[in-house]
Amino acid sequence: MNKRAAKKPPAFEWQDLALRVIKELGIPGNKRSSVFQICKKYKKTIVEKAMSDTKELCKTGEKWRYFFKVINEKLKK
């Protein structure tokens, strides 16, 4: 069996959440580690709310940029 074909599932729930955010918002490779840090450090509800706000409010442009803006505003409160 090819080693690349057998992907390991995420070990923690926050990793799974980070992968979902990356996929759904099209986060570029150089920003993925930031998403993992956010998902590890903050509550799942905050990250999910920021992601849903981004999807709702950002109709054009780069959703990933908007996500970081939204998450920063939520963390300031």
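User: Let's start with Asp53. Where is its place in the structure?

Analyst: Asp53 has its place in helix 3. Keep in mind that this is a predicted model.

User: What makes Asp53 count as buried?

Analyst: Its relative accessible area is 14%. The cut-off for buried is under 20%, so Asp53 goes into the buried group.

User: And which residues does Asp53 touch, not counting those up to four places away in sequence?

Analyst: Asp53 touches Cys58, Val70 and Lys74. With Lys74 there's also a polar contact of 3.0 Å between the two side chains.

User: Is Lys74 buried, exposed or something in between?

Analyst: Lys74 has a relative accessible area of 24%. Buried is under 20% and exposed is over 50%, so Lys74 is partly exposed.

User: What about Glu48 and Lys44: what makes them a salt bridge?

Analyst: Their closest N and O atoms are 3.9 Å apart. The limit is within 4 Å, so the pair qualifies. Both residues lie in helix 3, four residues apart, which is about one turn of the helix. Why does that spacing matter? An α-helix has 3.6 residues a turn, so residues three or four places apart point the same way.

User: Why are Glu48 and Lys44 called partly exposed?

Analyst: Glu48 has a relative accessible area of 27%, and Lys44 comes in at 37%.

User: How many salt bridges turn up in the whole structure?

Analyst: A search finds nine.

User: How do you know that the buried residues of helix 4 are on the same side?

Analyst: The buried ones are Trp64, Phe67, Phe68, Val70 and Ile71. They cover an arc of only 165° around the axis, which puts them on the same side of helix 4. Over on the other side, Lys69 and Lys76 are exposed.

User: What do those buried residues pack against?

Analyst: They pack against helix 1 (13-25), helix 2 (32-41) and helix 3 (44-57).

User: What makes the length of helix 4 close to the expected one?

Analyst: Helix 4 runs over residues 63-76, which is 14 residues, and reaches 20 Å from its first C-alpha to its last. At 1.5 Å a residue the expected value is 20 Å, too.

User: Why is Ile71 called buried?

Analyst: Ile71, in helix 4, has 1% relative accessibility. That's under 20%, so Ile71 counts as buried. Leaving aside neighbours within four places in sequence, Ile71 is in contact with Ile38, Ile46, Val47 and Ala50.

User: And helix 2: how do you know that its buried residues share a side?

Analyst: In helix 2, Val35, Ile38 and Cys39 are buried. Their arc around the axis is only 95°, which puts them on the same side of helix 2. The face turned away carries the exposed residues Gln37, Lys40 and Lys41. Helix 1, helix 3 and helix 4 are among what covers the buried residues of helix 2.

User: Which residues have the most contacts inside the largest nonpolar core?

Analyst: Val21, Val35, Val47, Phe67 and Phe68, in a core of 17 residues. Helix 1, helix 2, helix 3 and helix 4 each supply at least two residues of this core. As for Val35, its contacts beyond four places in sequence are Ala18, Val21, Ile22, Ile27 and Phe68.

Technical notes. Residues are numbered from 1 along each chain as its sequence is written. This is a predicted model: local features need pLDDT of at least 70, side-chain atom pairs count only at pLDDT 80 or more; totals for chains, interfaces and linings use all residues. Side-chain values use heavy atoms; hydrogens and water are left out. The expected span of a helix is 1.5 Å times one less than its number of residues. Buried means under 20% relative accessible area, exposed over 50%, partly exposed in between (1.4 Å probe, protein chains only). The arc is that of the directions from the helix axis to the C-beta atoms. Contact means heavy atoms within 4.5 Å. A salt bridge is a side-chain nitrogen of Lys or Arg within 4 Å of a carboxyl oxygen of Asp or Glu. A polar contact is a pair of N or O atoms within 3.5 Å; within protein, one must be able to donate a hydrogen and the other to accept it, and residues adjacent in sequence count only if both atoms are side-chain atoms. A nonpolar core is a set of buried Ala, Val, Leu, Ile, Met, Phe, Trp, Tyr and Cys residues joined through side-chain atoms within 4.5 Å.
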